[in-house]
Amino acid sequence: MRKFFSNRKWLTAILIFIICLGFISVSVSTRNNKSMPPFIQRFGNDVVGIASWTVAVPANSVRHAGETVNNLINTYKENQKLKAQVETITATKVRDQAIQSENDQLKRELKIKSGLADYNPIVAEALVRTPSAWNDQFVINKGSSAGVKKNMSVLGAKGLIGRVIEVNNSNSKVELISNTVDSDNKFPVEATNSKGETVNGIINGYDRKTGQLIVGHLNTKIKIKVNDKVSTNGLGGITPKGIYVGKVAKVTTDDYGTATKLYIQTPASMNDLEVVTVVDKTS
Amino acid sequence: MREHQPIRYVFIIGLFISLFLDGSISLIFSHLLYGKYILVPSITFAWLFFGMYFINRTNEHVEVWAAIAGLLFDLFYTGILGVYVIVFPIAIIIGRKLYRFLPMNIVTGLFSFAFNIALINVLAYGLNRLMNATNMAAGYFLMHAVIPTVLFNSVLFLILYVPIGVLFDRIE
């Protein structure tokens with residue numbers, strides 16, 4: 001016994017291990033409870049973030065070049081497809097404007113300052129992705145100086161992709177919705193069926209094998225079918241209303257056969273991020 | 001005492017570049033690397049391992065640089081301090097033990113590297129799981145992440161072995 005403890009190497013190793021465990025638990029609790037990491041960590045992140053441009057910017061521009069070539073090849077096909085859409089788009093736009101102005105007017109009459117669906121967008125670029133199997137996290141190039149705050153929702157090209165989990169001055173970390181750790185905030189969503197009836201629920205799981213989100217514990221008589229659309233419902237105070245999440249891919253009941261469980265297929269762009277939009281719910 | 005040693009600068013600059021390359025490659029090829037099977041590039045560790053493996057004449061403290069790289073990794077990528085800062089040096093220390101124990105050639109190098117990559121992934125996952133920072137199931141992690149990652153990084157190792165060996169030899 002005495003020999004073991006007199007061995008300084010062992011003692012230092014154990015000490016280092018305990019210190020590391022302490023650091024881990026502190027940073028996990030900071031991540032769960034505080035709106036920002038401590039100053040020294042933010043400062044370090046800013047410096048590393050700026051240094052990372054040396055690699056990330058050339059790498060991203062190479063990626064752009066590859067995409068440009070790809071775009072050139074696809075242009076003809078796309079053009080034909082888009083032509084068909086263009087005709088309907090003007091009509092939709094005009095209608096959209098009319099509805100928007102009517103909505104504003106009604107709100108003014110009802111003295112509502114801002115609705116559930118209003119938000120301020122902050123456009124950011126993805127810098128790097130965390131090289132880790134379980135984190136599903138990436139770093140964007142806008143931070144608190146651009147107005148990014150913790151827990152804001154992040155949109156990709158086609159819909160909701162995640163939330164901000166750490167804010168530094170000039171960059172921040174975004175966690176994809178596929179990461180559903182218990183301690184994180186859950187997204188409140190609604191599924192709307194063809195009759196216009198809605199069911200509210202919470203994204204509380206992710207099926208890694210199929211890449212589908214799970215909305216569980218639904219207790220309702222309203223029938224939701226495959227291909228019904230799912231979007232955020234604006235409840236809970238953080239996420240704005242009406243952000244597209246995906247389509248219902250499967251409707252089942254949970255293990256006990258009492259509550260409904262929905263599997264949601266997200267748009268394909270979840271893994272192919274370049275430019276993202278951080279949305280700030282105005283309230 | 002400390003004279004001009006170009007290998008030192010090359011090693012440190014290369015370490016930073018490989019640290020950022022990991023993130024950039026993960027972002028750009030994320031649809032390939034993070035699909036059904038998860039292939040995590042570990043160029044940072046590969047660089048540290050090559051440093052431990054090839055740089056013998058100068059007394060470079062690779063373990064210390066492994067801890068620094070691990071700290072930056074924690075700070076910038078995961079946001080959870082204390083995981084890679086301890087895992088990287090442990091892997092390098094074990095790698096050095098294996099290096100002294102085994103004859104030096106590409107097969108034993110590959111074996112030692114693959115073992116270290118598996119060790120890093122399992123240890124880091126274990127620490128995250130312990131602190132409830134992930135809810136990925138252990139069986140899924142093993143089958144869909146560890147094994148593909150080890151294979152993927154072994155291929156990287158084989159590709160980089162000769163060029164980096166030559167580079168370090170030339171500079172030394």
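Predicted model: local features only at pLDDT ≥ 70, side-chain atom pairs only at ≥ 80, totals over all residues.
1. Chain A overall. Chain A contains three helices and 12 strands. Its C-alpha trace spans about 80 × 50 × 45 Å along the principal axes. Of its 283 residues, 30% are buried. Take the contacts in chain A between residues at least 6 apart in sequence: 60% of them join residues at least 24 apart.

2. The barrel. Six strands of chain A close into a barrel. The order is E1-E2-E5-E4-E3-E12, and the pairing is antiparallel. On average, neighbouring strands of this sheet are turned by 45° against each other, direction ignored. Helix H3 (residues 39-110) of chain A packs on the sheet. There H3 touches strand E1 (119-129) and E2 of chain A, and its direction makes about 65° with that of E1(A).

3. Strand E12 and its partners. Strand E12 (residues 275-281) of chain A pairs with E1(A) over seven bridges, in the antiparallel sense. Within that pairing, Pro121(A) has Val279(A) in E12(A) as its bridge partner. E12(A) also pairs with strand E3 (residues 153-155) of chain A. That pairing is antiparallel too, over three bridges. Here Thr277(A) in E12(A) stands opposite Leu155(A).

4. Strand E5 and its partners. Strand E2 (residues 137-140) and strand E5 (residues 172-176) of chain A run antiparallel and are joined by four bridges. Gln137(A) has Glu175(A) in E5(A) as its bridge partner. For Phe138(A), the partner in E5(A) is Val174(A). E5(A) also pairs with strand E4 (residues 160-167) of chain A, antiparallel, over five bridges. In that pair, Lys173(A) in E5(A) stands opposite Glu166(A). A hairpin of four residues joins E4(A) to E5(A).

5. Burial of E5. Five of the five residues of E5(A) are buried. In a regular strand, side chains alternate between the two faces of the sheet. Both faces of E5(A) are covered. Ser172(A), Val174(A) and Leu176(A) lie on one side, with Lys173(A) and Glu175(A) on the other. Note that Lys173(A) and Glu175(A) are charged by class and still count as buried.

6. Helix packing in chain B. Two packed helices are described by the angle between their axes and the distance between the axes. The axes of H1(B) and H4(B) come within 11 Å and cross at roughly 35°. The crossing is right-handed. H1(B) contributes Leu15(B), Leu19(B) and Gly23(B) to the contact. H4(B) contributes Trp65(B), Ala69(B), Leu72(B), Phe73(B) and Tyr77(B). By class, the contact of H1(B) with H4(B) holds seven nonpolar residues, one polar and no charged.

7. The nonpolar core. The largest nonpolar core has 107 residues. Which of them touch the most other members? They are Leu48(B), Ala69(B), Val87(B) and Phe88(B). Leaving out residues up to four places away in sequence, Ala69(B) touches Leu15(B), Leu19(B), Thr44(B), Leu48(B) and Phe88(B). Ala69(B) also belongs to the contact of H1(B) with H4(B).

8. The contact between the chains. Chain A and chain B each give 42 residues to the contact. On the side of chain B, the elements giving two or more residues are helices H1 (6-28), H2 (30-33), H4 (62-78), H5 (84-101), H6 (106-130) and H7 (138-171). H1(B) supplies the largest share of that side, 10 residues. The residues on the side of chain B divide into 27 nonpolar, 14 polar and one charged.

Note on methods: Residues numbered from 1 in each chain as written. Chains lettered and ligands numbered in written order. Contact = placed C-beta atoms within 7 Å. Core = buried A, V, L, I, M, F, W, Y, C linked by C-beta atoms within 7 Å. Buried ≥ 20, exposed ≤ 12 C-beta atoms within 10 Å, placed from the backbone. Pairing = 2+ DSSP bridges. Axes fitted to C-alpha atoms, helices over the stretch in contact; angles between N-to-C directions. Left-handed = near helix turned anticlockwise from the far one by under 90°.
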